[in-house]
Amino acid sequence: MSEPITVLLVDDHALVRQGVRAFLETQDDITVVAEAGGGEEAVKLAAQHAPDVALMDLIMPGMDGVEATRRLTASSPRTNVVMLTSYHDDEHVFPAIRAGALSYVLKEIGPEELADAVRKAAAGETILHPRVAARVVRELHGARRDEPNVFHELSDRELEVLKLIADGMSNAQIAGRLYVSEKTVKSHVSNILGKLHLVDRTQAAVYAWRQGVVRRD
């Protein structure tokens, strides 16, 4: 008998982890080796256990699933990430895939389908929810025509935040400059990354310079 597929569960809701674990443990060929309640813990546990598959929630306090996926796949290259989330809009799908997620499924998935997604991820095969797959196809078609036009895609406030990111400011510094809360700035940053299909603020800064959002005097 071959070795069971090892899985790391990542979700900030304990009840979700318990439910997924309870089902996966009924599968003879799958074993849950660890659970994490957040992104930082997930990265540490992945480095420790090097699981075949990580089932990753997207929205979590602290380090979210996108950043956790980026760091996890860097520290444990053998681990394939399956994003398991309720979100299927562009600002969540594309950053997750660009960060290294192999598969993207929604929490409405059935138990047997989830087990199948785990098996396919362990074999290096991708599973995308049909709604996500349609977005990816549209994105590929659109990417051949044009990159996102930053001046059309972003609101005036988001453009302002992007300029300050390009100037090297932190969220706290931007909040102070614009007289808004850090939470508001974080929301703007998330929107910017989603609309421009970027992974992190470093990419956003480079993008801003490249697209002429900011210029040297």
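This is a predicted model: local features need pLDDT of at least 70, side-chain atom pairs count only at pLDDT 80 or more; totals for chains, interfaces and linings use all residues.

**Stop one: the sheet**

Now widen the selection to residues 5-10, which are strand E1, and residues 53-56, which are strand E3; the two run parallel and are joined by four bridges.

Next, bring in the rest of the sheet. There are five strands in the order E2-E1-E3-E4-E5, paired in parallel, and the sheet is open. Which strands stand at the edges? Select 30-36 for E2 and 103-106 for E5: each has a single partner strand, so one side of each is left without a neighbour in the sheet. Ignoring direction, neighbouring strands here are turned by 25° against each other on average.

**Stop two: helices on the sheet**

Select residues 14-24. This is helix H1, which packs on the sheet and touches E1, E2 and E3. The direction of H1 makes about 165° with that of E2.

Then go to residues 111-122, helix H5, which also packs on the sheet. H5 touches E1, E2, E3 and strand E4 (80-85), and its direction makes about 135° with that of E3.

**Stop three: a helix crossing**

Finally, show 156-166 (helix H8) and 201-210 (helix H11), whose axes come within 8 Å and cross at roughly 100°. That makes H8 roughly perpendicular to H11. By class, that's seven nonpolar residues, one charged and no polar.

Note on methods
Residues are numbered from 1 along each chain as its sequence is written. Side-chain values use heavy atoms; hydrogens and water are left out. Two strands pair if DSSP finds at least two bridges between them. Axes are lines fitted to C-alpha atoms, for helices over the stretch in contact, and angles run from 0 to 180 degrees between N-to-C directions. Contact means heavy atoms within 4.5 Å. Angles under 35 degrees count as roughly parallel, over 145 as roughly antiparallel, 65 to 115 as roughly perpendicular and the rest as oblique. Ala, Val, Leu, Ile, Met, Phe, Trp, Tyr, Cys and Pro count as nonpolar, Asp, Glu, Lys and Arg as charged, and the others, Gly among them, as polar.
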